[in-house]
Amino acid sequence: MSILLNNNGYDNRSWLEALSRLMPERRIHIFPEIDDIEAIRKEIEFAVVWDHPRGDLIRYPNLRAILLLGAGTEAIDQETQLPDVPVVRLVDPEVLNDMALYALYWVMNFHRQYDRYREQQRDAHWQRHEICAPQDYRVTVLGLGMVGRTVASTLARNGYQLSGWDRFPQEIEDVHCFSGDTQLASAFADTDVLVNCLPLNAATQHFIDRHLLALMPQGSYLINVSRGAVINDQHLIEQLDNGHIAHAVLDAFASEPLPQANPFWHHSKVTVTPHMSGATYARSAARLVADNIQRIENGAQPFPLHQPAGISSAQAC
Ligand code: GLV
């Protein structure tokens, strides 16, 4: 029986090679490069996909699991009909670590004022600027799921003063955790850098708006490593233009690739990176997919399981 592979516009070949190496007995069909999809629907047992066309996954009668090729679930959450099979996220520790290092790089950039030294070098200007100790530099991580926890712990381990906010109470060593609506204002008010790690869902769409940004201290910074649509772009531009937010580092956007005409590209207070803070690579992550397929073959539970938002619990596993 076979695997359907669709990394939707990203690299299918390295996934094909890595999965074939780990599971040589399986046929792997790359979607949509299939001559006659109707002829192979019955043989597909596992769909290994990223942002697959809506409504297609219900059309494989022998499907046993949907294995997502990333940690984000907003695409599968838009499905209104799915087969009654496990949906498994892909959370690769290498990706979590990459995202934490991305956040650490930018926090250090702001704390140590590296941009200022780059500018000084242009004028051959020699001047040292005093900065606070890392333990007095406040960073808040918004969203304390697997990504947020790793980011917060890495920053705390490097000596920064860490707070975190999540909808539900959390505990993380060396991180002061806020939770729920009542503590949201404190999380925003008491920070030098905010790192957004919130997942995108109905509750977080445009969550970071003018009101929350205005709670941040004058001259603070924003880093977004989750999803673009968690931020209200227009409100962020307002807060950058009026000088309230000093700089935003954005790795994710409501529309990707970021359209040429998007004002973020040329905004002097915005750094754009092309959703690379935590790219999932087959070289490490294919092993996690193969292990989950093996777990299912052995009658065990794959993980981490996801309950798609658009599917009732009676229908989903
Ligand atoms: C990447 O954005 C992911 O969701 O894994």
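The legends below describe close-up views of a predicted model.

Local features are given where pLDDT is at least 70 and side-chain atom pairs where pLDDT is 80 or more, while totals for chains, interfaces and linings use all residues. Residues are numbered from 1 along each chain as its sequence is written, and side-chain values use heavy atoms, with hydrogens and water left out.

**View 1**
An open sheet of six strands runs in the order S2-S1-S3-S4-S5-S13, with mixed pairing. At its edges are S2 and strand S13 (305-306), each of which pairs on one side only. Strands (E, at least two residues) and helices (H or I, at least four) are DSSP runs, numbered from the N terminus. Two strands pair if DSSP finds at least two bridges between them. Strands of a sheet pair through backbone hydrogen bonds, either parallel or antiparallel.

**View 1. Strand S1 and its two partners.**
Strand S1 (residues 2-6) pairs with strand S2 (residues 27-30) in the parallel sense over four bridges. Here Ile 3 has Ile 28 in S2 as its bridge partner. S1 also pairs with strand S3 (residues 44-49), in the parallel sense over five bridges. In S3, Ile 44 is the bridge partner of Ser 2. Together, S1, helix H1 (residues 12-22) and S2 form a right-handed β-α-β unit. Right-handed means that, with the strands pointing away from the viewer, the path from the first strand over the helix to the second runs clockwise.

Around the ligand are Trp 50, Gly 70, Ala 71, Gly 72, Arg 227, His 275 and Thr 280, each with a heavy atom within 4 Å of the ligand. A backbone N or O atom of Ala 71 lies 2.7 Å from an oxygen atom of the ligand. Polar side-chain atoms also lie 2.8 Å from a ligand oxygen atom in Arg 227 and in His 275.

The 20 residues of H3 should span 28 Å at 1.5 Å a residue, and the end C-alpha atoms are 28 Å apart, which agrees. The expected span is 1.5 Å times one less than the number of residues. At the start of H3, a side-chain oxygen of Asp 92 comes within 2.9 Å of the backbone nitrogen of Glu 94. Buried residues (under 20% relative accessible area, 1.4 Å probe, protein chains only) of H3 include Leu 96, Met 99, Trp 106 and Phe 110. Asn 109 in helix H3 is buried as well, with a relative accessible area of 2%. Leaving aside neighbours within four places in sequence, Asn 109 is in contact (heavy atoms within 4.5 Å) with Tyr 114, Asp 115 and Arg 118. Gln 113, which follows H3, has a positive phi, near 60 degrees.

**View 2. Helix H5 and its cover.**
Helix H5 (residues 146-157) has twelve residues and reaches 16 Å from its first C-alpha to its last, close to the 16 Å expected at 1.5 Å a residue. Its buried residues are Val 147, Gly 148, Val 151, Ala 152, Thr 154, Leu 155 and Ala 156. They are covered by elements including helix H3 (93-112), strand S6 (138-142) and strand S9 (193-196). After H5 comes Gly 159, with a positive phi near 95 degrees.

**View 3. Ile 172 in a loop.**
Ile 172 lies in the loop between S7 and S8. At 12% relative accessibility, Ile 172 counts as buried. Not counting residues up to four places away in sequence, Ile 172 touches Leu 144, Arg 149, Ser 153 and Cys 177.

How values were computed
Buried means under 20% relative accessible area, exposed over 50%, partly exposed in between (1.4 Å probe, protein chains only). A polar contact is a pair of N or O atoms within 3.5 Å; within protein, one must be able to donate a hydrogen and the other to accept it, and residues adjacent in sequence count only if both atoms are side-chain atoms.
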